[in-house]
Amino acid sequence: MAQSVVALEAGQGAQAAESCWTKSEIEVYGRVMGTDIHLVVERYREDFGWQRVDPPKHLWDEYWLKEYERTRDPIRLDYARRWYTDRNYSLFAILADVRNGFGFAGTPISRGFKPISAPRGIPKDFEQKDPDELGDHSFSWLLVSELLTYDWNQTTHLFSVVPIDEVPAPGRPPVGDSCGWISGRGIRVDAFEIGPCRQKEEEGPFTHKQIAWPVTYAEAARNFYTEVLPELRKLGPPEKTRIVFGFDS
């Protein structure tokens with residue numbers, strides 16, 4: 001059964017998923033809703049143990065800062081003052097094999113990544129501020145030394161769907177509007193990867209085309225690699241600095 005992106009965004013994602021996936025598939029992939037990361041940074045000191053470290057101000061999230069200024073809601077200020085808040089499924093896959101290769105509603109978005117580690121759980125010596133601080137699934141932790149020794153130069157391919165008249169040269173990223181998937185009346189996608197709720201369209205004439213282009217893991221991780229990781233490196237011995245994180249969906 002084909003389901004349009006509009007229907008999923010209108011709150012019918014659960015029903016669409018149930019019509020296309022088994023219960024076990026929904027439990028395993030958790031693809032019905034979007035996923036976000038909750039990340040805490042800690043540094044170990046011999047006299048105090050693991051202590052939290054706040055991010056530098058230049059990493060604060062500008063959107064949530066503006067929301068705080070508008071509402072004076074302290075929850076929004078807490079969101080703004082986090083180390084990382086972007087919804088980057090490529091990074092989630094690298095850190096803990098979460099959303100690896102798939103986005104919203106099972107949309108194929110890449111050929112996948114080799115994760116640093118499967119989820120390890122919450123460290124026994126980690127003190128949570130509240131039960132929901134780290135989200136509700138796939139809890140894990142990584143030493144900064146593991147992040148620094150990881151091979152960020154590995155390559156994979158990202159996927160996107162573009163209008164047929166905006167298809168770039170082979171192996172090049174999109175230059176205009178693009179999305180993970182699109183469907184609806186009159187839309188036909190020339191596709192090579194089909195998600196669990198996507199039926200391959202009949203042959204042409206096509207209105208859109210699914211494309212793939214190579215990226216390094218560093219490029220896919222975007223500002224986590226270019227901005228967050230350099231700051232983590234500054235906090236001291238990398239084997240005594242860690243990130244503790246989880247996800248919500």
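What percentage of the 249 residues in the protein chain do buried residues make up? The figure is 41%. Buried here means under 20% relative accessible area, exposed means over 50%, and partly exposed lies in between, using a 1.4 Å probe and protein chains only.

This is a predicted model: local features need pLDDT of at least 70, side-chain atom pairs count only at pLDDT 80 or more, and totals for chains, interfaces and linings use all residues. Residues are numbered from 1 along each chain as its sequence is written, and side-chain values use heavy atoms, with hydrogens and water left out.

Confidence comes next. pLDDT is the predictor's confidence in each residue, from 0 to 100. The protein chain averages 85, and 83% of the residues score at least 70. Residues 1-32 stay under 50. Where pLDDT is low, the predicted coordinates should not be read in detail.

Now the overall build. The protein chain holds 8 helices and 7 strands. These are DSSP runs numbered from the N terminus: helices are H or I with at least four residues, strands are E with at least two. Take the contacts in the protein chain with a separation of 6 or more: 67% of them come from residues 24 or more positions apart. Contact means heavy atoms within 4.5 Å.

Turn to the sheet. Four strands form an open sheet in the order S2-S1-S7-S3, with antiparallel pairing. Strands S2 (49-52) and S3 are the edges, and each pairs on one side only. On average, neighbouring strands of this sheet are turned by 30° against each other, direction ignored. Two strands pair if DSSP finds at least two bridges between them. S1 and S7 share 8 bridges in the antiparallel sense. Along that pairing, aspartate 36 has aspartate 248 in S7 as its bridge partner, and leucine 39 stands opposite phenylalanine 245 in S7. Strand S3 (residues 137-143) runs antiparallel to S7 and is joined to S7 by 5 bridges. There, leucine 142 stands opposite isoleucine 243 in S7. Strand S7 (residues 241-248) is mostly covered, with 7 of its 8 residues buried.

Which helix packs on the sheet, touching S1, S3 and S7? Helix H5 (residues 89-96) does, and its direction makes about 120° with that of S7. Axes are lines fitted to C-alpha atoms, for helices over the stretch in contact, and angles run from 0 to 180 degrees between N-to-C directions. In H5, 8 of 8 residues are buried, including Leu91, Phe92, Ile94 and Leu95. Asparagine 88 caps the N-terminal end of H5, with a side-chain oxygen 3.0 Å from the backbone nitrogen of serine 90. After H5 comes aspartate 97, whose phi is positive, near 60°.

Helix H3 (residues 62-71) can be read from its two ends. At the start of H3, a side-chain oxygen of aspartate 61 reaches to within 2.9 Å of the backbone nitrogen of tyrosine 63. Arginine 72 follows H3, and its phi is positive, near 60°.

Glutamate 42 lies in strand S1 (residues 36-45). Why does glutamate 42 count as buried? Because its relative accessibility is 3%. Its side chain joins that of arginine 242 in a polar contact of 2.7 Å. A polar contact is a pair of N or O atoms within 3.5 Å; within protein, one must be able to donate a hydrogen and the other to accept it, and residues adjacent in sequence count only if both atoms are side-chain atoms. Not counting residues up to four places away in sequence, glutamate 42 touches several others, among them Trp50, Phe126, Lys240 and Val244.
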